[in-house]
Amino acid sequence: MSEIYSETNPYRRVERLAAFLSVQDDSALPLVEEALDPFDWRLGGAEYDLLLRFWAERDPKAALAWAVRVGSPIYKMGSIRSVVESWAFQDPAAALSGIEIVELLSTDETLRISQVAHVQGWYRKNPEELEEFIRGLGIGRRRQRALRSFTHAMNSDRGPTELVRWGEAVSEEDMSYKLDVHRQLLGTLVWNKESEMAERYCDNYCDGPFGKGLRNILTRARFRSGDDPAAILEWVGKTPEIDAEQTDNKYHSLWVAYTLWAAQDREAAVDWMTQHVQATDPVTWLPALYEEYARHLATESPAQAIPWAERIEKVGPRERALVRIARKWLQSDAEGAERWLAQSDLSKAGRARARDFSIPSFLPPSAKAPQAEPAP
């Protein structure tokens, strides 16, 4: 071991340590424990992982307890994952009980890592048995987390096409489980740069009985993965408007997509919208974005934002948008804002809210105040 430690080339050192440990039996365990405590700082994370895996293959409970209580904080997350994954591959039930060590002594983050690793190790051993376990977890974060790990493992093992086939074949008897599968499957596809396949999957299921919120989940996942915001928005815009409910869901998804884009790059989102509203043949769903468009225009020019807010069809959202713009305008040009307020179509209550800076502008009117009333 000392000779291996003295190797200055990190690639060669890891290679030699792996070769050495692969031919050792249980009698080498005390040597490995000694090498880990205290850990020789000439070594790196790869060597740390190899030593802990050797320990976990022989005494995973002790290895996990050591990693949680006294292991190097620099390598803690990776070491917990390695030990739990190895333990779950050997004995999923015992590993599940062993995670209680992490629950009692660590943070939510280490608990999350251990649960993910447990699924990954169990998947290698028996994926069918694992799926039955996950299904039985019931509604909640734990099942969502386990399914996310399961779908990632399946995607790596069998590829995205087989992952989709599995998701489609999941029984519809348990509606909540079917919806959970859809949600995590879409996220896994996007994470693995399969956005087109995720779009097709969503087109098939996002507007069906097991599609509640799926389009919004996919939209957020695509933004997190760095997909083109304009392409995301235009994809959402292609959603059919078969009935009132589907149209409302589509318009909400459009709002989600545009809001995420504007939060990420306001100037690009505003430029895109300006270009499209000025087109000779604008797409029919642009009015769904007028409120957000007006809000972001108001950052630089409240007067320019007003006409777009006034085009909002529904009274409540229109008044809310105008109140927000008026409040921003009052802060930058009180005289100009007051001139507009005097001749605006805002209700009396709306004008009062615009001038009242004691409450956030995004709060809805109180239950006693009418949403709109004729201007005096």
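The lining of the largest pocket divides into 7 nonpolar, 2 polar and 8 charged residues. Here Ala, Val, Leu, Ile, Met, Phe, Trp, Tyr, Cys and Pro count as nonpolar, Asp, Glu, Lys and Arg as charged, and the others, Gly among them, as polar. The model is predicted, with local features needing pLDDT of at least 70 and side-chain atom pairs pLDDT 80 or more, while totals for chains, interfaces and linings use all residues. Residues are numbered from 1 along each chain as its sequence is written, and side-chain values use heavy atoms, leaving out hydrogens and water.

Let us stay with the pockets. On a 1 Å grid over the protein atoms alone, a pocket is an open set of points with protein on both sides within 12 Å along at least five of seven lines; a cavity is a set where a 1.4 Å probe fits but cannot get out, and lining residues have an atom within 4 Å of a point. Points are joined across faces, edges and corners, and a volume is the space filled by probe spheres set on them.

| Space | Volume | Lining by class |
|---|---|---|
| Largest pocket | about 580 Å³ | 7 nonpolar, 2 polar, 8 charged |
| Second largest pocket | about 450 Å³ | 4 nonpolar, 7 polar, 5 charged |
| Largest cavity | about 90 Å³ | 7 nonpolar, 2 polar, 2 charged |

The largest pocket holds about 580 Å³ of space. Of its 17 lining residues, Y251, A288, E291, K314 and P317 are the closest to the centre. Two or more residues each come from α17, α19 (290–297) and α21 (315–332), and α17 gives the largest share, 5 residues. Helices are DSSP runs (H or I, at least four residues) numbered from the N terminus.

In the second largest pocket, 16 residues form the lining, and R148, Q184, G187, A221 and R224 lie nearest its centre. Helices α11, α13 (175–191) and α15 (214–225) each supply at least two lining residues.

The contact (heavy atoms within 4.5 Å) includes L233 and V236 of α16 and L254 and W261 of α17.
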